[in-house]
Amino acid sequence: MKNLVYSVELGVSQRRGVHVTRPKVWVKNELVRVGLAESLCTYVMMVFGLGSVAQVVTGQGVFGQYLSINLGFGLGVAMGVHVGGKVSGAHMNAAVSFTMCVFGRLAWTMLPLYIFAQLLGSFLAAGTIYAVYYEAIYDYCGGNLTVTGVKATAGIFATYPAPYLSLMAGFVDQVFGTAMLLLCLMALSDQKNKPAAVGSEPVAVGLLVLLIGISLGSNSGYAINPTRDIAPRVFTAIAGWGADVFRSGNGWWWVPLVAPLIGGVLGAGVYKAFVELHHPPFSEQGGGLVEEESFPLEKEQNICANVCV
């Protein structure tokens, strides 16, 4: 309520030409600002995503189907971009951060901060959804927390392969899914091609995640994000599911941790090799040669500011 009153007073004062000072307590350190924003936007994305899975699983199909999960993660990503996009770039994904470092759009020294923030946000989101759906989970499984089986609930928090999927096929699945994610993210931020319109970036990125979910998600739950998967997996190991979260699927846990890093670099590299490196410096417009307006990806203190997932 105080913030609302302050905002109203600020607006009135500005209209009257009265100088209003900023609150004295606010974070000025850029690293802290980036870390807080990245943690919060990851938390928001994961709460909506994991919440949609919990609702579908514990509701046994009454409160949604597979498409509900796709929509939950897609819209959750869009909201996350709104929360942190202008501060940290809202990567919310270690594969995105790692790829940005590889292609020089994020300083390597920033990578540990991004990964820590993403792990923290994902872990806290898993804990939040566990608390919110605690009674629903126990009612659904009868108090028997299992990773596999008819009443398995570990899949609410982390991804697991389908019974038919081998480790090799799952690895390829995760590499390809993440490659498509980064390839399209590169296109959405390429100012010399057809980037997302200013202000529409959160919706565009959310739709991209939705698209990956409805087309490439059935094999292993389209983790395409190391921090999204490992942090909730660790939480479930602590919360009662035990070491089976690491043993299940022939030791599946490392696949969504490693494969997305490879896939992200591969996808972004393909876009650069096939499209970005070949943009002409001039184009014919109106019968003459007019230099194209170039908008390089914005950088501020080596922090990637382009909107990513």
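Visitor: Ala90, buried or exposed?
Guide: Buried: in this predicted model, Ala90 has 0% relative accessibility, and anything under 20% counts as buried.

Visitor: Where is Ala90 in the fold?
Guide: Ala90 sits in the loop between helix H3 (66-84) and H4.

Visitor: OK, on to H4. At what angle do H4 and H11 pack?
Guide: Helix H4 (residues 94-102) packs on helix H11 (residues 255-274) at about 50 degrees, and their axes are 8 Å apart.

Visitor: Left-handed or right-handed crossing?
Guide: H4 passes H11 in a right-handed crossing.

Visitor: Which residues make that contact?
Guide: From H4, Ala94, Ala95, Phe98, Thr99 and Val102; from H11, Pro260, Leu261, Gly264, Val265 and Ala268. Of these contact residues, eight are nonpolar, two are polar and none is charged.

Visitor: Switching to the core. Which residues touch the most other members of the largest nonpolar one?
Guide: Phe73, Ile137, Phe157, Leu181 and Trp241, out of 53 residues in that core. Helix H2 (residues 30-58) gives the most to this core, with nine residues.

Visitor: What about a second core, which residues are in there?
Guide: A separate core has six residues, among them Leu165, Phe171, Val255 and Ala259.

Visitor: Back to Leu181. What is Leu181 in contact with?
Guide: Setting aside neighbours within four places in sequence, Leu181 is in contact with Asn93, Leu208, Val209, Ile212 and Ile224.

Visitor: And where's Thr153?
Guide: Thr153 is in the loop between helix H6 (134-141) and helix H7 (167-188). Thr153 has a relative accessible area of 0%, so this residue is buried.

Visitor: What does Thr153 touch?
Guide: Beyond neighbours within four places in sequence, Thr153 is in contact with Ile137, Tyr140, Cys141, Leu145, Thr146 and Trp241. Ile137 and Trp241 also came up among the residues touching the most other members of the largest nonpolar core.

Visitor: Last one: which residues of H10 are buried?
Guide: In helix H10 (residues 244-251), Val245, Ser248 and Gly251 are buried. What covers them includes helix H9 (226-241).

Notes: Residues numbered from 1 in each chain as written. Predicted model: local features only at pLDDT ≥ 70, side-chain atom pairs only at ≥ 80, totals over all residues. Heavy atoms only, no water. Axes fitted to C-alpha atoms, helices over the stretch in contact; angles between N-to-C directions. Helix = DSSP H or I, 4+ residues; strand = E, 2+ residues; numbered from the N terminus. Left-handed = near helix turned anticlockwise from the far one by under 90°. Contact = heavy atoms within 4.5 Å. Nonpolar A, V, L, I, M, F, W, Y, C, P; charged D, E, K, R; others polar. Buried < 20%, exposed > 50% of the residue type's maximum accessible area, 1.4 Å probe, protein only. Core = buried A, V, L, I, M, F, W, Y, C linked by side-chain atoms within 4.5 Å.
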